[in-house]
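Student: Hi! Could you walk me through this structure?
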Amino acid sequence: MAGKPMLHYFNGRGRMESTRWLLAAAGVEFEEKFLESPEDLKKLVNEEGSLMFQQVPMVEIDGMKLVQTRAILNYIATKYNLYGKDIKERALIDMYIEGVADLGEMILLLPVAPPGEKDAKLALIKEKTTNRYFPAFEKVLKSHGQDYLVGNKLSRADIHLVELIYYVEELDPSLIANFPLLKALKARVSSLSTVKKFLQPGSQRKPPLDQKTLEQAKKIFK
Amino acid sequence: MEARPKLHYPNGRGRMESVRWALAAAGVEFDEEFLETREQLHKLQKGKHLLFQQVPMVEIDGMKLVQTRSILHYIAENIDMYVEGTLDLLEMIITHPFLKPEDQQKEVVSMTQKAVIRYFPVFEKILRDHGQKFLVGNQLSLADVILLQTILALEEKVPNILAAFPHLQEFTVKISNVPTIKKFLEPGSKKKPPPDDVYVRTVYTIFAP
């Protein structure tokens, strides 16, 4: 029997968190090996065949050492049937999750913005959330009136979007006020047994980046 | 009969070029509607044709697909590690013309280093180890097409960038000779020229806030 997937990353959200969410939502138990120093990363880099582009995230799964966040997520979503039933549903899911990724990337990079730019970047995130991304997804849900974004069935699109909604709320809880269908989606997905478990204290979900973890990450990734 | 895909984007490479490559390599003929003014972009946005108000957008099989990766994925079935890695490098090339002039030369150096130190050795080793013509599965895939696109774009800036990579040099020649790709590389195809001042200005005109 195959072992559990093993996630290689530092002990923080970063680019690995969406993978943690997806595995958790799919009910897949996983293990983690945390990089804590530059030496840890160097060791992995020097290990033959471990890090294809010398970068993490890396996930050992089904005998492979996968890198590149999107490739990892695509594999997991396909394996656990969270990627639509056919090529057209997959195209819709891809469109939606790429939009989520664009906004997610801005939020991800906010802690490392130069101090003078942080306020402007935060304002931009709020503006884009309110004027571009939340309206787009609210409209999708309104257009078909179904419980999930695509194909009337839970897919990775719902999971990635709900994860994003949580991050937006951490920045500014008022941003979701005028989007009732998004609120409903968040509640619905959060109450699924696997997700509910992941949202509880003691799970492998990581907290927002604190100063200590940020310093550690900067050292590791120099 | 299915209509041909229709691409909506300015008349230049940018983020649409990989889509043009992928369609051309797959032997799919397509049409293009070039954005030249801000008004055209607004028309698309107001007409609710753009999910996130952005281009690239491709009309294909009754859908209006946005987001470059989702378009590529629809055309090409499999986007994998190799493609994602190459797209990271290609991103540097796409954004290069929009950097301040004083930063551009530095960025060429940085791109070259990344290509030569991180990406090319990986692909050189893959080709050397299996000795096949294509990167994956002994047949043409999106990975080959995007890598070729990236190599040619880099060679425009740094002509001898493949000097230390004999297998990549061979790869470049062999993939360029695949019939659909050969056609795309000939003058008169839909392949776009390197970004020039006119292109940069057009993009600012259309997209600047």
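Student: What should I know before reading any values?
Tutor: This is a predicted model, where local features need pLDDT of at least 70, side-chain atom pairs count only at pLDDT 80 or more, and totals for chains, interfaces and linings use all residues. Residues are numbered from 1 along each chain as its sequence is written, chains are lettered from A and ligands numbered from 1 in the order in which they are written, and side-chain values use heavy atoms, with hydrogens and water left out.

Student: How many residues of chain A are in contact with chain B?
Tutor: 29 residues of chain A are in contact with 30 residues of chain B; contact means heavy atoms within 4.5 Å.

Student: And what area do they bury between them?
Tutor: About 2,600 Å², with 62% of it on carbon and sulfur atoms. Buried area is the accessible area (1.4 Å probe) that two parts lose on being put together, summed over both. Of the area that chain A buries against chain B, 24% is supplied by Met52(A), Phe53(A) and Met95(A), more than any other three residues.

Student: Which side chains meet in a salt bridge there?
Tutor: Glu48(A) and Lys125(B), at 3.6 Å from N to O. The count between the two chains is 1 salt bridge, meaning a side-chain nitrogen of Lys or Arg within 4 Å of a carboxyl oxygen of Asp or Glu.

Student: Which element gives the largest share of chain A's side?
Tutor: α4(A), with 10 residues. Helices (H or I, at least four residues) and strands (E, at least two) are DSSP runs, numbered from the N terminus.

Student: Can we zoom in on Met52(A)? Where does it lie?
Tutor: Met52(A) lies in the loop between α2 (38–46) and β3 (58–61) of chain A.

Student: Buried or exposed?
Tutor: Met52(A) is buried, with a relative accessible area of 17%. Buried means under 20% relative accessible area, exposed over 50%, and partly exposed in between (1.4 Å probe, protein chains only). Leaving aside neighbours within four places in sequence, Met52(A) is in contact with residues including Val67(A), Tyr82(B) and Phe123(B).

Student: Switching to strands: what does β1(A) pair with?
Tutor: β1(A) is joined by 5 bridges to strand β2 (residues 31–35) of chain A, and the two run parallel. Two strands pair if DSSP finds at least two bridges between them. In β1 (residues 6–10) of chain A, 4 of the 5 residues are buried, so the strand is largely enclosed by the rest of the structure.

Student: How about chain B?
Tutor: β1(B) and strand β2 (residues 31–35) of chain B also pair in the parallel sense, over 5 bridges. Tyr9(B) stands opposite Phe34(B) in β2(B).

Student: Which peptide bonds are cis?
Tutor: Among them are Val56(A) to Pro57(A), with omega near 10°, and Val55(B) to Pro56(B), with omega near 5°. Most peptide bonds are trans, and most residues other than glycine have a negative phi.

Student: So where is phi positive in a residue other than glycine?
Tutor: One of the places is Asp61(B), where phi is near 50°. Asp61(B) is partly exposed, with a relative accessible area of 27%. Gln67(B) has a positive phi of about 75°, and Gln67(B) is buried at 10% relative accessible area.
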